Amino acid sequence: MKIYVDADACPTVIKDILFRAAERKQIPLLLVANQPLRTPPSKWIRAMTVASGFDVADDEIVKQCELGDLVITADIPLAAEIIAKGGRALSPRGELFTQDTIRERLNVRDFMETMRASGVQSGGPPPLHQRDRMAFANQLDRLLAQVK
């Protein structure tokens with residue numbers, strides 16, 4: 001199992017949780033972003049900078065992800081592609097996207113995108129709270145406990 005992070009929008013506190021988990025479980029962690037990222041020195045953690053552009057980082061993650069890998073992303077279409085490849089997708093808020101839930105999440109995302117395109121102000125996601133960090137850490141621990 002490898003962990004991939006859609007790192008451009010991933011909160012620093014979530015990256016820190018992932019850094020500690022990768023070291024503790026000795027699991028490869030790859031952060032993919034459109035800009036250079038700082039990572040702690042580790043043989044388990046590395047960062048990849050991809051060209052700027054729409055979905056370039058997402059495309060790289062999909063290309064590299066294999067059956068059973070885990071992707072950390074809030075991007076619903078990326079999560080859907082990962083699930084279709086047999087991977088797992090976890091949001092930085094601790095929501096595990098599954099085959100059963102991803103279609104509904106895509107529908108809601110598309111509806112909200114249509115509303116924004118028509119001029120409705122939706123604000124955006126709420127700030128990341130301590131309960132979100134705990135939900136993420138707990139879900140990550142459950143997933144990593146399944147790794148041999």
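Trainee: Which residue stands opposite V32 in strand 2?
Mentor: D6 stands opposite V32 there, where strands (E, at least two residues) and helices (H or I, at least four residues) are DSSP runs numbered from the N terminus. This is a predicted model, in which local features need pLDDT of at least 70 and side-chain atom pairs count only at pLDDT 80 or more, while totals for chains, interfaces and linings use all residues. Residues are numbered from 1 along each chain as its sequence is written, and side-chain values use heavy atoms, with hydrogens and water left out.

Trainee: In which sense do strand 1 and strand 2 pair?
Mentor: Strand 1, residues 3–6, and strand 2 pair in the parallel sense over four bridges, and two strands count as paired if DSSP finds at least two bridges between them.

Trainee: Strand 2, buried or exposed?
Mentor: Five of the five residues of strand 2, residues 29–33, are buried, so the strand is largely enclosed by the rest of the structure; buried means under 20% relative accessible area, exposed over 50% and partly exposed in between, with a 1.4 Å probe and protein chains only. Both faces are covered, with L29, L31 and A33 buried on one side and L30 and V32 on the other.

Trainee: Changing topic, how many salt bridges turn up in the whole structure?
Mentor: A search finds three, where a salt bridge needs a side-chain nitrogen of Lys or Arg within 4 Å of a carboxyl oxygen of Asp or Glu.

Trainee: What does R24 pair up with?
Mentor: R24 forms a salt bridge with D141, with the closest N and O atoms 3.1 Å apart, and the two sit in distant parts of the chain, R24 in helix 1 and D141 in helix 5, 117 residues apart. R24 is exposed at 52% relative accessible area, whereas D141 is partly exposed at 38%.

Trainee: What about R93, which residue is its partner?
Mentor: R93 forms a salt bridge with D132, the closest N and O atoms being 3.0 Å apart. R93 lies in the loop between strand 5 and strand 6 and D132 in helix 5, so the pair ties together parts that are 39 residues apart in sequence.
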